[in-house]
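User: I have a structure open and a few things to ask about it. Can we go through it piece by piece?

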Amino acid sequence: MKYMDKFALLLVIIGAINWGLIGFFQFDLVAAVFGGQSAMLSRIIYAIIGIAGLYSIKMLVGEEKV
């Protein structure tokens, strides 16, 4: 797995944990750490995690090497 793939996967995992915390406990970890949902830094983090999710689609539909 390439470095960029691992980094994207890490960000997707962070995003999934954040969504789990929101779903189970109504607690947004990204917003709590970076100053609220509307804070510029939080929005940048959300955008980076979203881009990582889109990038990770290639792992799902990519061709397997045997």
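User: Where is Ile17 found?
Analyst: Ile17 is in helix 1. Helices here are DSSP runs of H or I with at least four residues, strands are E runs of at least two, and both are numbered from the N terminus. The model is a predicted one, where local features need pLDDT of at least 70 and side-chain atom pairs count only at pLDDT 80 or more, while totals for chains, interfaces and linings use all residues. Residues are numbered from 1 along each chain as its sequence is written, and side-chain values use heavy atoms, with hydrogens and water left out.

User: What is the relative accessible area of Ile17?
Analyst: The value is 49%, so Ile17 counts as partly exposed. Buried means under 20% relative accessible area, exposed means over 50%, and partly exposed is in between, using a 1.4 Å probe and protein chains only.

User: And how far is Ile17 from Leu29, C-alpha to C-alpha?
Analyst: Their C-alpha atoms are separated by 8.8 Å, and the two residues are twelve apart along the chain.

User: Which residues does Asp5 touch, past its sequence neighbours?
Analyst: Leaving out residues up to four places away in sequence, Asp5 touches Tyr55, Lys58 and Met59. Contact means heavy atoms within 4.5 Å. Asp5 lies in helix 1, which covers residues 3–25.

User: Is Asp5 buried or exposed?
Analyst: Asp5 is buried, because its relative accessible area is 7%.

User: How do helix 1 and helix 3 pack?
Analyst: They pack at an angle of about 120°, with axes 8 Å apart; helix 3 is residues 40–61. Axes are lines fitted to C-alpha atoms, for helices over the stretch in contact, and angles run from 0 to 180 degrees between N-to-C directions.

User: Which hand is the crossing of helix 1 and helix 3?
Analyst: The crossing is left-handed. That term applies if the near helix is turned anticlockwise from the far one by less than a right angle; clockwise would be right-handed.

User: Which residues meet there?
Analyst: From helix 1 they include Met4, Ala8, Leu11, Ile14 and Asn18, and from helix 3 they include Tyr46, Ile49, Ala52, Gly53 and Lys58. By class, the contact has twelve nonpolar, four polar and two charged residues. Ala, Val, Leu, Ile, Met, Phe, Trp, Tyr, Cys and Pro count as nonpolar, Asp, Glu, Lys and Arg as charged, and the others, Gly among them, as polar.

User: What about Ser56, buried or exposed?
Analyst: Ser56 is buried, with a relative accessible area of 14%. It is found in helix 3. Apart from neighbours within four places in sequence, Ser56 is in contact with Ala8, Leu9 and Val12.

User: Changing topic. How many aromatic pairs does a search of the whole structure find?
Analyst: Two. One of them is Tyr3 with Phe7, which is stacked: 6.4 Å centre to centre and 10° between the planes. Rings of Phe, Tyr and Trp (its six-membered ring) pair if their centres lie within 6.5 Å; planes under 30 degrees apart count as stacked, over 60 as edge-to-face and the rest as tilted.

User: Where do Tyr3 and Phe7 lie?
Analyst: Both lie in helix 1, four residues apart, about one turn of the helix. Tyr3 is exposed at 68% relative accessible area, whereas Phe7 is partly exposed at 37%.

User: What is the geometry of the pair that Phe24 and Phe25 form?
Analyst: Phe24 and Phe25 form a tilted pair, 6.3 Å centre to centre, with 55° between the planes. Phe24 is exposed at 72%, and Phe25 counts as exposed at 60%.

User: Last one: what is the phi of Gln26?
Analyst: Gln26 has a positive phi of about 55°, although it is not a glycine. Gln26 lies in the loop between helix 1 and helix 2 (29–34). At 74% relative accessibility, Gln26 counts as exposed.
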